[in-house]
Protein chains: 2
Amino acid sequence: MQISPLLESLISAFRCLPGVGPKSAQRMAYHLLQRNRQAGLHLAQELNEAMINIGHCKECRTFTEQEICNICANVRRQSNDQICVVESPADIFAIEQTGQYSGRYFVLLGHLSPLDGIGPSDIGLDLLKRRLESESISEVILATNPTIEGDATANYIAQMCSEFNIVATRIAHGVPVGGELEMVDGTTLSHSFIGRQKIDF
Amino acid sequence: MQISPLLESLISAFRCLPGVGPKSAQRMAYHLLQRNRQAGLHLAQELNEAMINIGHCKECRTFTEQEICNICANVRRQSNDQICVVESPADIFAIEQTGQYSGRYFVLLGHLSPLDGIGPSDIGLDLLKRRLESESISEVILATNPTIEGDATANYIAQMCSEFNIVATRIAHGVPVGGELEMVDGTTLSHSFIGRQKIDF
Ligand SMILES: [Zn+2]
Ligand SMILES: [Zn+2]
């Protein structure tokens with residue numbers, strides 16, 4: 001028997017969050033109802049605003065509520081001639097925290113995956129190509145995940161860079177192979193930036 | 001530097017959920033933005049409705065969006081002469097899942113804690129007293145948590161029951177001492193109901 005349909009709906013809605021099973025969904029709902037309804041209302045509003053207003057930067061494709069994100073709009077960043085390519089916006093966050101990098105970014109929002117029908121234009125490589133043509137870029141740092149797909153995507157972009165005589169480098173595999181970039185600790189990630197290697201053809 | 005103030009606000013809003021640290025808050029925000037904005041909007045709406053519309057049952061004090069909850073409004077439950085006292089609404093959920101109990105409930109929404117200034121009226125014992133006086137109840141099952149405070153609260157209520165010549169029983173300590181009732185598995189909780197003992201004075 002349903003004790004409270006609204007409560008049951010809330011518990012099942014929490015299941016959309018990564019890593020939240022039936023038990024923790026229930027704990028979350030009871031916790032907010034019993035101890036912090038204001039925080040629950042605040043979370044509802046932030047969620048609503050974020051889902052509706054956060055789009056993608058027209059330059060680098062990261063998450064932002066502006067046309068152009070704060071990194072792309074930064075004059076000091078623009079005068080840096082490096083561009084770092086990552087798979088997801090969360091990777092930018094992780095890299096920024098190392099303090100090791102002060103250039104621009106490009107977010108693929110995925111990786112090449114021919115079996116799933118995900119080709120170059122699905123990960124924004126047409127836009128990246130236009131940037132390589134029009135901006136003064138001397139180095140593309142490939143910081144895709146150290147997975148088979150991430151490596152293949154990095155190689156594809158490196159080949160693209162060679163057409164424009166732009167140096168392509170790959171961050172060092174100091175990061176554990178097979179893992180996800182955003183889960184790596186800052187020190188390991190710093191080392192992987194310092195030990196990056198030029199990709200030759 | 002803040003890349004997206006809206007995103008930062010969302011990440012920090014997720015911290016209100018129990019067991020959610022900075023890393024998982026970040027994962028939650030990125031996951032919804034990247035893969036499931038509809039689910040994010042749905043969660044926002046469910047949260048909002050639940051926080052605003054879920055109140056407490058006038059009979060048993062559990063969470064419900066109605067005046068009287070479905071359990072208290074159930075005629076078969078009303079003809080049962082047992083009442084089970086628990087600390088939180090989540091405990092009702094756990095007990096209902098054992099299928100071991102078919103009486104009514106009373107939710108304290110806490111426990112006696114003189115040091116924190118939480119006395120009998122703060123946990124609804126005036127309301128419980130009125131129910132003991134006016135309803136035909138033959139047994140009060142004390143299912144408060146097996147902690148020092150839960151035991152003290154059970155003893156206090158048992159004494160109250162003796163004034164009305166109502167039998168008070170305590171669920172067996174099959175449940176691990178020091179733990180929280182809602183975390184106990186169904187089998188252990190069933191056993192603790194079957195092995196309950198009368199409290200004598
Ligand atoms: Zn940007
Ligand atoms: Zn009720």
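This is a predicted model: local features need pLDDT of at least 70, side-chain atom pairs count only at pLDDT 80 or more; totals for chains, interfaces and linings use all residues.

Q: Why does Arg104(A) count as buried?
A: Buried means under 20% relative accessible area, exposed over 50% and partly exposed in between, with a 1.4 Å probe and protein chains only. Arg104(A) has 6% relative accessibility and therefore counts as buried. Arg104(A) lies in strand 4 (residues 104-107) of chain A, where helices (H or I, at least four residues) and strands (E, at least two) are DSSP runs numbered from the N terminus. Contact means heavy atoms within 4.5 Å, and the residues that Arg104(A) touches, leaving out those up to four places away in sequence, include Arg77(A), Asp81(A), Arg131(A) and Glu135(A).

Q: Why is Val85(B) called buried, and which residues does Val85(B) contact?
A: Val85(B) counts as buried because its relative accessibility is 0%. The residue belongs to strand 3 of chain B, and its contacts beyond four places in sequence include Phe106(B), Leu128(B), Val140(B) and Ile157(B).

Q: What makes helix 5 (residues 89-98) of chain A mostly covered?
A: Seven of the 10 residues of helix 5 of chain A are buried, among them Pro89(A), Asp91(A), Ile95(A) and Thr98(A). After this helix comes Gly99(A), with a positive phi near 70°.

Q: How do you know that strand 5 and strand 6 of chain A pair, and in which sense do they run?
A: Two strands pair if DSSP finds at least two bridges between them, and four bridges join strand 5 (residues 139-142) of chain A to strand 6 (residues 167-170) of chain A, which run parallel. Within this pair, Leu142(A) stands opposite Arg170(A).

Q: What makes strand 4 and strand 7 of chain B edge strands?
A: The open sheet of chain B has five strands in the order 4-3-5-6-7, with mixed pairing. Strand 4 (104-107) and strand 7 (197-198) of chain B each pair on one side only and are its edge strands.

Q: Which residues have the most contacts inside the largest nonpolar core?
A: A nonpolar core is a set of buried Ala, Val, Leu, Ile, Met, Phe, Trp, Tyr and Cys residues joined through side-chain atoms within 4.5 Å. The largest has 49 residues, and those with the most contacts inside it are Phe14(A), Leu17(A), Leu47(A), Phe14(B), Leu17(B) and Leu47(B). Among the residues that Leu17(B) touches are Phe14(A), Leu17(A) and Met28(A).

Q: Why are the two copies related as by a two-fold rotation axis?
A: Copies are superposed by least squares on the C-alpha atoms of residues with pLDDT of at least 70 in both. Chain A can be laid on chain B with an RMSD of 0.1 Å by a turn of 180° and a shift of 0.0 Å along the axis, so the copies are related as by a two-fold rotation axis. In chain A, the C-alpha nearest this axis belongs to Ala44(A), at 2.0 Å.

Conventions: Residues are numbered from 1 along each chain as its sequence is written. Chains are lettered from A and ligands numbered from 1 in the order in which they are written. Side-chain values use heavy atoms; hydrogens and water are left out.
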